[in-house]
Amino acid sequence: MSKIGIIGAMDLEVDALKAKMNTEKTLKKAGMVFQEGTLGDAHVVIVKSGIGKVNAALCVQILVDEFRITHVINTGVAGSLNAALDIGDILISKDAIHHDMDVTIFGYQLGEVPQMGTREFAADEQLIALAKASCEKVNPDINAIVGRVVSGDQFISSKDVKERLISNFQGDCAEMEGASIAHGAYLNGIPFVIIRAISDKADDSAEMDYPSFERAAAAHSAALVEDMVQSI
Ligand code: ADE
């Protein structure tokens, strides 16, 4: 039977899902509260990881070790790196890269974690297809694309940094957890997908836009996740 770990970095990314689930068990570990139970017909563990790559990686490992999850989904918001992705639109991960990893001095690609054998952590094809189908069903008026998530321990709020992420990594959105969740899923052999709704353009307007749009954007992503887990 499938057991799906659902991770959001912030309360507003998981609160709506937690409110709808039927909680059977709660575990507090590493400062995180893991709620296991059902969301509709799906068996889920929903958790707020906290912000950034270390919190996200720890969270995945606890989901694997303590709950034996079979799939992991990351829901939340992101800054757009693609002109085709406007505020409120949705990005479904094709893959994810750490944009703040640089061991190029020893011949690795920019973004490649040494000795991992891959720079891009590929999302699961079946989860991508389910996310696309749920998006068309739940958010029919919202533009959704499948693309690349780039992650780092940085809020991107400058045109120059944004352009660097586009030219170095061909990223479609920037956030602060996805590649760590992908990396943790890869190491544990678990399928993953990242669903991010756009809260800002990751440029000089990001500081203004983010607080205004984060809540609505997070709700778009959560609605999609709630629907797709019914089919896993
Ligand atoms: N999450 C939402 N917007 C972001 C941005 N601009 N940079 C990093 N993480 C984000």
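This is a predicted model: local features need pLDDT of at least 70, side-chain atom pairs count only at pLDDT 80 or more; totals for chains, interfaces and linings use all residues.

1. The shell around the ligand draws on several strands: E5 (71-80), E9 (173-175) and E10 (192-200) each supply at least two of its residues. Among the contributors E5 gives the most, with three residues.

2. There are 13 residues around the ligand, and those that come nearest are Gly-79, Phe-155, Ile-156, Glu-175 and Asp-200. Sorted by class, the shell comprises eight nonpolar residues, three polar ones and two charged ones.

3. Which parts of the protein lie at polar-contact distance from nitrogen atoms of the ligand? From the backbone, an N or O atom of Gly-79 is placed 3.2 Å from a ligand nitrogen, and a polar backbone atom of Ile-156 is 2.9 Å from a nitrogen atom of the ligand. From a side chain, an N or O atom of Asp-200 lies 2.7 Å from a ligand nitrogen. On its own the ligand has 260 Å² of accessible area, and the protein covers 96% of this.

4. As for its location, the ligand sits in the largest pocket, which holds about 240 Å³ of space. The elements E5, E9 and E10 each give two or more residues to the lining of this pocket, and these strands also each supply at least two residues of the ligand shell.

5. The lining of the largest pocket is made up of 19 residues, and Val-77, Phe-155, Glu-175, Met-176 and Tyr-210 are the ones that lie nearest the centre of the pocket. By class, the lining residues divide into eleven nonpolar, three polar and five charged.

Key. Residues are numbered from 1 along each chain as its sequence is written. Side-chain values use heavy atoms; hydrogens and water are left out. A residue is near a molecule or strand if one of its heavy atoms lies within 4 Å of it. A polar contact is a pair of N or O atoms within 3.5 Å; within protein, one must be able to donate a hydrogen and the other to accept it, and residues adjacent in sequence count only if both atoms are side-chain atoms. Accessible areas come from the Shrake-Rupley method with a 1.4 Å probe; for residues, only the protein chains shown count as cover. On a 1 Å grid over the protein atoms alone, a cavity is a set of points where a 1.4 Å probe fits but cannot get out, and a pocket is an open set with protein on both sides within 12 Å along at least five of seven lines; lining residues have an atom within 4 Å of a point. A molecule sits in a cavity or pocket if more than half of its atoms lie within 2 Å of its grid points. Helices (H or I, at least four residues) and strands (E, at least two) are DSSP runs, numbered from the N terminus. Ala, Val, Leu, Ile, Met, Phe, Trp, Tyr, Cys and Pro count as nonpolar, Asp, Glu, Lys and Arg as charged, and the others, Gly among them, as polar. Grid points are joined across faces, edges and corners, and a volume is the space filled by probe spheres set on the points.
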